[in-house]
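I set out each place with its surroundings.

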Amino acid sequence: MNRYTFLSATLVLAIAVLSLNIPLQDWLSLGLKRLSTKKLAADLIVKNAVIFTSDASLPVADSMAIQNGRILRVGNYSSLQDLVGGGTRELNIEGKVLVPGFIDSHVHLIPGGLQMGRVELRGVNQKEEFVRRVKEAAGNVKQGSWVLGGGWNNDLWGGELPMASWLDDFTADNPVWLTRMDGHMGLANSLALKLAGINNSSNDPNGGTIAKSTHGEPTGLLIDAAMKLVLPLIPEVSVNERREAFLRASNLALTRGVTTIVDFGRYFPGASVEHSWEDLSDVYQWADSSGKMIIRVCLFFPMETWPRLIELIKKTGRALSDWIYLGGVKAFADGSLGSSSAFFFEPYAEEPHNYGLQVTDPESLFNMTAASDKLGLQVAIHAIGDRANEMVLDTYRSVALTNGMRDRRFRIEHAQHLAPGMPARFGEQGVVASVQVANINPVGSIKTAIKRIPHGWKHAWMSSECLSLNDALIAHTISAAYACFLDNELGSLSPGKLADFVILSTSTLDDLAEGSVTVEATYVAGVQAYP
């Protein structure tokens with residue numbers, strides 16, 4: 001229809017109205033009434049389910065109506081019948097448990113995806129197996145190429161830390177770099193140390209440690225900021241490799257029922273702050289524009305780059321799409337427990353002079369936090385040790401007093417070891433304790449939170465801290481959404497929110513405490529995404 005046809009049609013309609021002697025206001029009211037009485041029809045009705053909604057106003061239901069990727073209504077099946085139309089499809093869950101899509105509150109998605117294609121050392125519980133896997137990988141690469149991998153945890157084989165000497169016999173022509181599971185420590189072989197110029201006379205960089213033997217020789221272990229001595233030597237991963245890693249990790253997340261992640265990217269102590277920004281354009285925006293996003297991401301960026309994030313949010317807003325959200329900024333207060341770099345009030349048991357590392361000095365931490373917060377950015381700071389946690393809580397309190405009260409939802413990532421009286425400060429100050437287990441496995445994490453029984457133990461460790469099933473589910477859904485300001489869009493099965501949900505292999509919620517439950521299907525925006 002061209003504009004002349006449109007004008008003619010409008011003129012004819014006006015003449016018809018006038019010829020009928022109907023006042024224009026009445027005619028408009030009649031039209032609006034007809035529009036408002038048009039039947040609202042669901043695209044999909046999910047029925048015969050045990051629905052845990054994570055919504056306190058209606059905790060449990062058996063059916064849910066969805067339209068255009070969002071929830072229309074939740075309740076019993078009969079209450080949804082007025083939403084059934086000619087194109088409505090019904091999905092019978094046959095009595096299975098249905099929960100909101102899980103939210104993983106702390107992920108390094110692309111590094112995780114890259115690791116899936118490298119030497120996999122996660123779960124290795126013997127030194128001999130550690131060595132065997134690296135040797136096998138070294139035999140399959142060209143001379144001079146880097147052997148990369150990670151995920152190792154020395155606690156699984158008794159605590160002995162790996163050394164370059166474990167690897168040197170079969171990697172004389174290949175530099176090696178293997179990161180610990182927490183990302184705060186890595187093992188280099190002797191060739192990699194030589195390429196980095198690390199020797200007996202090398203000094204520790206600020207915020208990092210070069211591990212040395214009693215004779216002063218580097219053992220191969222580099223902790224926190226010391227990793228930057230080796231990382232720049234490793235060839236940059238290509239854009240295609242990063243995209244493949246993103247898709248690989250996203251698909252894994254869906255198999256575990258995770259529909260949204262809070263991603264802290266490739267930002268670790270010693271790594272370039274540019275990585276997060278490169279991945280935003282090269283990977284996330286590419287995936288969004290090409291229709292390859294299959295999970296939702298809330299992105300955090302290095303705190304040093306807060307002015308860039310402010311400028312981007314001014315241009316685009318916080319939501320780049322229904323798939324990508326700009327979360328805030330992150331900094332590090334200390335290292336990790338496994339690398340003996342978490343910052344404590346008391347020294348480590350076998351290292352009487354080691355209290356851990358203060359990765360960022362308090363003045364810089366305060367200044368960056370205050371500047372970021374003043375312009376409305378959410379701030380997340382990594383803290384493991386009790387002294388680091390106190391330092392961050394003190395920083396947050398000072399910033400709030402300086403910048404004034406508002407809903408800021410400061411986060412402490414991990415909040416692992418707290419001195420007596422410190423947990424209460426989180427509540428008093430409104431600080432989010434963002435606590436995780438390493439593997440992206442919410443069903444397993446829920447069991448762990450409820451039972452608190454370590455591997456090989458028969459009884460709970462500190463049973464007074466066991467969570468209820470309800471609290472554990474809330475933690476992985478609506479509380480996780482609240483912690484990143486997405487609770488108006490995600491986290492509960494409530495009318496108006498995005499229809500992300502998971503169907504589990506059980507018909508009773510109590511089975512989640514036993515760990516025998518698996519994810520049968522994952523839906524994102526009302527569409528089956530797994531399997």
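Entry 1. I began with I446, which is located in helix α12 (residues 442-451); helices are DSSP runs of H or I with at least four residues, strands are runs of E with at least two, and both are numbered from the N terminus. I found I446 buried, with a relative accessible area of 0%; buried stands for under 20% relative accessible area, exposed for over 50%, and partly exposed for what is in between, with a 1.4 Å probe and protein chains only. Leaving out residues up to four places away in sequence, I listed F102, L469, A472, L473, H476 and L512 as touching I446, where contact requires heavy atoms within 4.5 Å.

Basis. I am working with a predicted model, in which local features need pLDDT of at least 70 and side-chain atom pairs count only at pLDDT 80 or more, while totals for chains, interfaces and linings use all residues. Residues are numbered from 1 along each chain as its sequence is written, and side-chain values use heavy atoms, with hydrogens and water left out.

Entry 2. I next looked up S54, in the loop between β2 (50-52) and β3 (60-61). S54 has 8% relative accessibility and therefore counts as buried. Its side chain makes a polar contact with the side chain of T477 at 2.7 Å; such a contact is a pair of N or O atoms within 3.5 Å, and within protein one must be able to donate a hydrogen and the other to accept it, residues adjacent in sequence counting only if both atoms are side-chain atoms. Apart from neighbours within four places in sequence, the contacts of S54 include L473, T477 and G491.

Entry 3. I then turned to helix α9 (residues 362-374) and helix α10 (residues 386-403), whose axes come within 9 Å and cross at roughly 45°. Axes are lines fitted to C-alpha atoms, for helices over the stretch in contact, and angles run from 0 to 180 degrees between N-to-C directions. The two helices, α9 and α10, are therefore oblique to each other; under 35 degrees counts as roughly parallel, over 145 as roughly antiparallel, 65 to 115 as roughly perpendicular, and the rest as oblique. Among the residues making the contact are L365 and F366 of α9 and V392 and Y396 of α10.

Entry 4. For α10 and helix α11 (residues 422-429), I recorded axes that come within 11 Å and cross at roughly 25°. That makes α10 roughly parallel to α11. Residues that meet here include L393 and R397 in α10 and R425 and F426 in α11.

Entry 5. I checked the backbone for exceptions, since most residues other than glycine have a negative phi, and most peptide bonds are trans. H414, in strand β19 (residues 411-414), has a positive phi of about 90° although it is not a glycine. H414 counts as buried at 17% relative accessibility. M462 is in the loop between α12 and α13 (469-475), and its phi is positive, near 55°. M462 counts as partly exposed at 40% relative accessibility. I also found a cis peptide bond between Y530 and P531, with omega about 0°; P531 is in the segment after β23 (527-530).
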